[in-house]
Amino acid sequence: MFPRAGLLNLMDKKTKTLLIPALLLALIGGCQARVNDQLVGGGNIWPKLDVEVKADSHIEVRIDEILSTMTLEQKVAQMIQPELRDFTVEDMRKYGFGSFLNGASGFPNNDRYATVQDWLDLAEKMHQASVDSSLDGIDIPTMWGTDAVHGHNNVVGATLFPHNIGLGATRNIPLIEKIAEVTAAEVLITGIDWVFSPTVAVVRDDRWGRTYEGYSEDPDLVRLYAAAFVKGLQGQAGGDFFAGQHVISTLKHFIGDGGTIDGDDQGNNKSNEQELFNIHAQGYVGGLTAGAQSVMASFSSWHGEKIHGSKYLITNVLKERMGFDGLVVGDWNGHGQIKGCSNEDCPEAVIAGLDILMVPTKAWKPLLENTINQVELGIIPLERIDDAVSRILRVKLRAGLFDKASPANRVLAGSVDRFGSENHRQVARQAVRESLVLLKNNGNLLPLSPNFNILVAGDGADNIGKQSGGWSISWQGTDNKNSDFPGGSSIYEGFAQQVKAAGGHIELNIEGEFSRKPDVAIVVFGEDPYAEGHGDLSDLAYSKDEQTDLALLKSLKEQGIPVVSIFLSGRPLWVNAELNASDAFVAAWLPGSEGQAVAEVLLRDKQDKVQHNFSGKLSFSWPSSPLQLVNKTDRDYRPLFPYGFGLRYGDLVHLPSDLPEEFGLGSVDKKGISIFEGKPHKLLKMFLTSGKKDVAIHANTQVSTGIHYRTIDKMVQEDAFRVKFFGQESSGVKFVSIAGREKELATLASNSSSISLTVKTDSAISDPVWVVVKCPATITDSNSCYTAYDIADELRSLPPGIWQQISINLSCFSKYSNSRVKGSAVSLFELHAAEELDLSISNIQLYQTAKTNSTQCNSVMNDTVTDF
Ligand code: BGC
């Protein structure tokens, strides 16, 4: 896009004089064109927000004064944010960075066991170096940013709250504000000024690895929570705003991170602009109105353009239309992902409107130098730099950083007694109790008497790391021991304390063995910790390969022991089998360091009274199939437990224990299920078979002996395929097939009654043209046979060159043994012609009901009629 600064340095002055204005014009023109394209009448979508923090003329005057004294180098240094592991206190003294961060797993002295005092000492040193003007000639205080996303989670001994998904279930807005206040206090104790939270993603596809960082799938709830959390962190505008015990908040990740296709982390969001506002912007509406002072750009893209490089979204929408006057920080080398940029060199990000570039690794130095260079060369306008620095200074002035004492001398600094204090943990325990959602309580098994003989099993029972999830001391949260959470408690410990005090008997055994047959077994299991893209899934089935938890639940039940499941997870997952094998089932999310609070809800007290009833309500609907992923606003979306579901003690709700357990493509309802719609269904693969050779189809055009496959356009680009078979059957077996794994397809095959294909014939048809479907149970008892139907007659009846829909009643299929796909893979569709064939196909659907009346095998209709 831009000539790199290095290249520009090599040009002579005359070339630069001619070239640079032309480049700038091209850039401005390019941006303008894009903006106009995207807007298409969208001018009214983004409202001017009535932000509660008003412009302050004293602050604005001070900004101008400071700015007027600054050199270009000093200004750009304000915009560079290096990471703890890649710069030193001496670098801070020399360059005067406006801010710095510790990324997840970044600790003072690289020591994950760094004490509160170590964190504070480093904050003080960095601050002193930043206000030391001896080398860089400037004394602007730096600010330290950290990911306090569920409490001050990088620091050993902090109070770790439930991850946001659990907080979403509490529906307790004042509690959210309180949690933010406690978080701010613990952050301040360590001398840190700025936190990268709250995450206000509105998650639309729970396969996303960051689902648990979101409060809800509901934009309205996210808007309310965002406002409350920002107020808790920063204080109330016009009230205790940044008074004493507050820190700067960050709304992240702007914008649409929760709505990427397939829930891909850092993926592409294709919402239209109205949806972008209605769904994904609501956290910003709430949080910015409450006065959030920073916004972090998202790694993701909107319609293929990286947000970090989107001048339209960052400058035009966020800053100009919505009226945000704080700062926009980039994510972890996110600028380097913009087309044409690298981590070291990215004028595009600055021009788009990023005010601070988060630049971990040693890339900060070349990025600093290149950016200075690009301003000198006129590639980045100086006004943009002045705007960015003004925003940074505005935030620092509002937060009082210029006037406050140094970190070690501030309110709360080093108050070790308040760090992870009992008061703070009480707030976290309340959050844990209120976040628990009771999904099943057959026979009112819960609450349990503390006098019972209780077995506690499962690998999450005595595992604070597992119950805390990612972003817990380390980034992925995978390498923690219970001793890494001093002051915290495991779920088992909570039960043990109370049962022992009440005179009951309790035994902990991960594998579920026991010395005395228990009255009840509590099994704590669920997802192992993960963060960001490491947690992305292809479907929502819990533990589909290793079903050790399920085996444990079943074996306890077989022994006649009532089973209570406590499920730890960062998202709702398809757990039908585990639900069936449990008498009671609690969604506990990722409760954090205060596991003991779980027992405060599940156990009665010594007087046999309920201590705390369940109050948690789902803030994410719970899937009824592993592929119930998105379309939460679709009226056909029928979750197992809807948004807002949550039982209370005494509710007489009996959940049947025969929920479907097959990992299938989902239920084949009236609407049918697509085997192929432009591409094969996610769980299926497409193959070309010729002779003995099967090849998975990857390319647009693929040729095997006697068979030619290519994608074609029906309505949109490449939404159909055309296949040609050459030569006769005697020259070798030829198939196109769409297949998947047996266990994933069983329900589908048995629930289907008809198949329909949208096809176009391109030449004369000879007999036979077999369509093969794994035989559905409606036709035969066997689950491993194949049935076939010769569609040659139907094809011949079609007008050539016109798309038509053929539907065949599966009861007309007859037994067929020539299927290609063997072993544990089965095909849901095969096309097999004995002679030459030239056929185009755009859609293949299975339906639950027969498409035709039972006496008729087929129907042929214009393909625009898709439902029946
Ligand atoms: C995450 C951000 C986080 C940043 C700094 C990135 O990987 O996406 O949410 O604030 O790292 O740790």
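This is a predicted model: local features need pLDDT of at least 70, side-chain atom pairs count only at pLDDT 80 or more; totals for chains, interfaces and linings use all residues.
Two strands pair if DSSP finds at least two bridges between them, and strands (E, at least two residues) and helices (H or I, at least four) are DSSP runs numbered from the N terminus.

View 1. Residues are numbered from 1 along each chain as its sequence is written, and side-chain values use heavy atoms, leaving out hydrogens and water. Strand β16 (residues 563–568) runs parallel to β17, joined by five bridges; here Val-564 stands opposite Ala-584. Strand β12 (residues 437–441) pairs with β17 in the antiparallel sense over four bridges, with Leu-438 as the bridge partner of Val-586.

**View 2. The two faces of β17.** Ala-584, Val-586 and Ala-588 point one way, while Phe-585, Ala-587 and Trp-589 point the other way, and all are buried (under 20% relative accessible area, 1.4 Å probe, protein chains only).

View 3. Polar side-chain atoms lie 2.4 Å from a ligand oxygen atom for Asp-147, 2.9 Å for Lys-252 and 2.7 Å for His-253. Taken alone the ligand exposes 310 Å², and the protein buries 96% of that (Shrake-Rupley method, 1.4 Å probe).

**View 4. Helix α15, residues 382–398.** Of its 17 residues, 13 are buried, so α15 is largely enclosed by the rest of the structure. Just after α15, Gly-400 takes a positive phi of about 75 degrees.

Definitions and conventions. The expected span of a helix is 1.5 Å times one less than its number of residues. Buried means under 20% relative accessible area, exposed over 50%, partly exposed in between (1.4 Å probe, protein chains only). A polar contact is a pair of N or O atoms within 3.5 Å; within protein, one must be able to donate a hydrogen and the other to accept it, and residues adjacent in sequence count only if both atoms are side-chain atoms.
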